[in-house]
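Please look at the sequence and the structure below before reading on.

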Amino acid sequence: MSLSCICNDISDTEKLAKNFAEAVSSSGAFVSMFGDVGAGKTAFSKFVCKYLNVKERVTSPSFVILNEYKSGIIPVYHFDLYRLENEGISTIINELEEYSEGNILTFVEWAQFSQNTLPFDRIELNINYIDENKREFIFNSFGAKSNEILKRLSI
Ligand SMILES: Nc1ncnc2c1ncn2[C@@H]1O[C@H](COP(=O)(O)OP(=O)(O)OP(=O)(O)O)[C@@H](O)[C@H]1O
Ligand SMILES: [Mg+2]
């Protein structure tokens, strides 16, 4: 399933993130995020955390690869693989798969060079920069669990 929308400004992105948080709050999800530097991958994840009642301050995990937030409705794991090379990424694919299972929410920010097909149930989110405030969000689901989430998101 595929869903796309335009967010004209950051408040539209916040509304989209709120709907997304509601859609994943009972099931969890694995979200693989693509988009250039400054597209809004971290911004979107922060808003989703806010609506999952995450109490910790959500920061970009660029320097630590993984941040964990346990205070919200469901646990949130936020990876940023920017600092890994392709080789490094292939070594953690199996570990990532474990983060696609169970009632948890996992965000993975990928550097552009590493866009690759993962072998498990997931949502791929592409964020395209249109202008300073405007972004295009494109969600694609792969697998039964993620299909259900996008169905909930569209109603
Ligand atoms: N509609 C919008 N949606 C999301 N972000 C927006 C929007 N309009 C403006 N912005 C701004 O764009 C920036 C997005 O930065 P962010 O750190 O989320 O990007 P990123 O995709 O995570 O980049 P990086 O690859 O460096 O991690 C923020 O400063 C945010 O306020
Ligand atoms: Mg980021």
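## Helix H2 and its cover

Helix H2 covers residues 41-51, and Lys 41, Phe 44, Ser 45, Lys 46, Phe 47, Val 48 and Cys 49 in this helix are buried. A residue is buried if 20 or more other C-beta atoms lie within 10 Å of its own, exposed if 12 or fewer, and partly exposed in between, with C-beta atoms placed from the backbone. Helices (H or I, at least four residues) and strands (E, at least two) are DSSP runs, numbered from the N terminus.

The buried residues of H2 are covered by elements that include helix H1 (10-24) and the strands S2 (29-34), S3 (66-69), S4 (76-80), S5 (105-109) and S6 (122-129). Contact between two residues is counted if their C-beta atoms, placed from the backbone, lie within 7 Å.

The model is predicted: local features need pLDDT of at least 70, side-chain atom pairs count only at pLDDT 80 or more, and totals for chains, interfaces and linings use all residues. Residues are numbered from 1 along each chain as its sequence is written, while chains are lettered from A and ligands numbered from 1 in the order in which they are written.

## Asn 53

Asn 53 counts as exposed because it has 12 C-beta neighbours inside 10 Å.

## Around ligand 1

There are 17 residues around ligand 1, and Thr 13, Gly 40, Lys 41, Thr 42 and Ala 43 come nearest. H1 and H2 are the elements that give two or more residues to this shell. A residue is near a molecule or strand if its C-beta atom, placed from the backbone, lies within 6 Å of it.

By class, the shell has five nonpolar, seven polar and five charged residues. Ala, Val, Leu, Ile, Met, Phe, Trp, Tyr, Cys and Pro count as nonpolar, Asp, Glu, Lys and Arg as charged, and the others, Gly among them, as polar.

## How H1 packs

H1 and H2 pack at an angle of about 50°, with their axes 8 Å apart. Axes are lines fitted to C-alpha atoms, for helices over the stretch in contact, and angles run from 0 to 180 degrees between N-to-C directions. H1 and H2 are therefore oblique to each other; angles under 35 degrees count as roughly parallel, over 145 as roughly antiparallel, 65 to 115 as roughly perpendicular and the rest as oblique. In the contact, Thr 13, Glu 14, Ala 17, Lys 18, Phe 20 and Ala 21 of H1 meet Ala 43, Phe 44, Phe 47, Val 48 and Tyr 51 of H2. By class, this contact has eight nonpolar, one polar and two charged residues.

H1 also packs against helix H4 (residues 144-154), at an angle of about 135° and with the axes 9 Å apart. Here Asn 19, Phe 20, Ala 23 and Val 24 in H1 meet Ile 149, Arg 152 and Leu 153 in H4. This contact has five nonpolar, one polar and one charged residues.

## Two buried residues

Where is Ala 29 found? Ala 29 is in strand S2, and it is buried, with 25 other C-beta atoms within 10 Å. Leaving out residues up to four places away in sequence, Ala 29 touches Val 24, Leu 105, Ile 123, Ser 146 and Ile 149.

Leu 81 lies in the loop between S4 and helix H3 (86-98). With 21 C-beta neighbours inside 10 Å, Leu 81 counts as buried. Leu 81 and Val 108 are 27 residues apart in sequence, and 7.2 Å apart in space, C-alpha to C-alpha.
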